[in-house]
Amino acid sequence: MSRGNFANYPSLKGRVVLVTGGASGIGAAIVRGFVAQGARVGILDYDAEAAAGLAQDLGSGCDWEYCDLRDIAALQRAIAALSDRSGPATVLVNNAARDDRHGWPEVTADYWDERMANNLRHMFFAIQAVAPGMAAAGGGSVINLGSTSWVEGMGGMPAYTTAKAGVHGLTRGMARDLGSQRIRVNAVLPGWVMTERQLELWASPEALEARKAQQCLPELIDPVYVARMVLFLASDDAAMCSAGTYVVDGGGS
């Protein structure tokens, strides 16, 4: 399948987009996808070097702010700063997360809370920050990145899978609360996506072969395919899609 034979969405041209964790991995693929559509993209990330490098590479269509998303006040300030420069966002992609492995016997209350802050809590507060501007603009689209890990019943990271299951509830509830203002809220659940982090930390030859065997489709998942689903949900083509869950996993869950 050609990776270059993709759709163009005229409705995304000029649209203001925020992407959390947009400096690397799936987030960077999402940022590149929106910029290629003519959108104006703001990255929120604590990897300042990677965010600045990506923004420089993409030119005037991309901006960024340093932000540790666990600090809600800093998140709110960063969103306000990007809004001051580019205008209020009408697309929010809640992408940022970390799937660090951890054994359940060693989990402390502080670690549990930190994992929730890292993987779930900031999503709600980012929505809270952008929703008034979306409503004033006549509507918007929020896309929350979940994970098939909890659907598949994966072990070895209970705080992560709990947070990612929570994304489903957040998406459904906020879709109901914001729908009257024409703000759509959907979730995208990636399977095992071959980002640099995954390839470096966990993608042994044996693990990759096992994953291929689990999937209906034989190819491993490139981040670009998750980005393409996000672009669709942000576009006017998805105008009647809300409270939905869209899986990009090669048929593996």
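L54 is in contact with G22, A23, A28, V31, R32 and I43, once its neighbours within four places in sequence are set aside. This is a predicted model, and L54 makes a handy way in: the residue lies in helix α2, and that helix lies across β2 and β3.

- With a relative accessibility of 6%, under the 20% cut-off, L54 counts as buried.
- For a sense of distance, take A203, which is 149 residues away from L54 along the chain: the two C-alpha atoms are separated by 25 Å.
- Helix α2 covers residues 48-58 and runs at about 165° to β3.

- Strands β2 and β3 pair in the parallel sense, with 5 bridges between them.
- In that pairing, G42 stands opposite D63 in β3.
- To get from β2 to β3 the chain passes through α2, and this β-α-β crossover is right-handed.

**The sheet as a whole**
- There are 7 strands here, forming an open sheet with parallel pairing.
- Reading across, the order is β3-β2-β1-β4-β5-β6-β7.
- At the edges sit β3 (62-66) and β7 (245-248), each of which pairs on one side only.
- From one strand to the next, the twist averages 20°.
- As background, strands of a sheet pair through backbone hydrogen bonds, either parallel or antiparallel.

**β4, β5 and helix α8**
- Strand β4 (residues 91-94) and strand β5 (residues 140-145) run parallel and are joined by 4 bridges.
- Within this pair, V93 has I143 in β5 as its bridge partner.
- Helix α8 (residues 223-234) packs on the sheet, where it touches β4, β5, β6 (183-190) and β7.
- The direction of α8 makes about 165° with that of β6.

**N118 in helix α4**
- Helix α4 takes in residues 109-137, and N118 is found in it.
- Which residues is N118 in contact with, leaving aside its neighbours within four places in sequence? They are R70, A96, A97 and R98.

Definitions and conventions:
Residues numbered from 1 in each chain as written. Predicted model: local features only at pLDDT ≥ 70, side-chain atom pairs only at ≥ 80, totals over all residues. Heavy atoms only, no water. Pairing = 2+ DSSP bridges. Helix = DSSP H or I, 4+ residues; strand = E, 2+ residues; numbered from the N terminus. Axes fitted to C-alpha atoms, helices over the stretch in contact; angles between N-to-C directions. Contact = heavy atoms within 4.5 Å. Right-handed = clockwise from strand over helix to strand, strands pointing away. Buried < 20%, exposed > 50% of the residue type's maximum accessible area, 1.4 Å probe, protein only.
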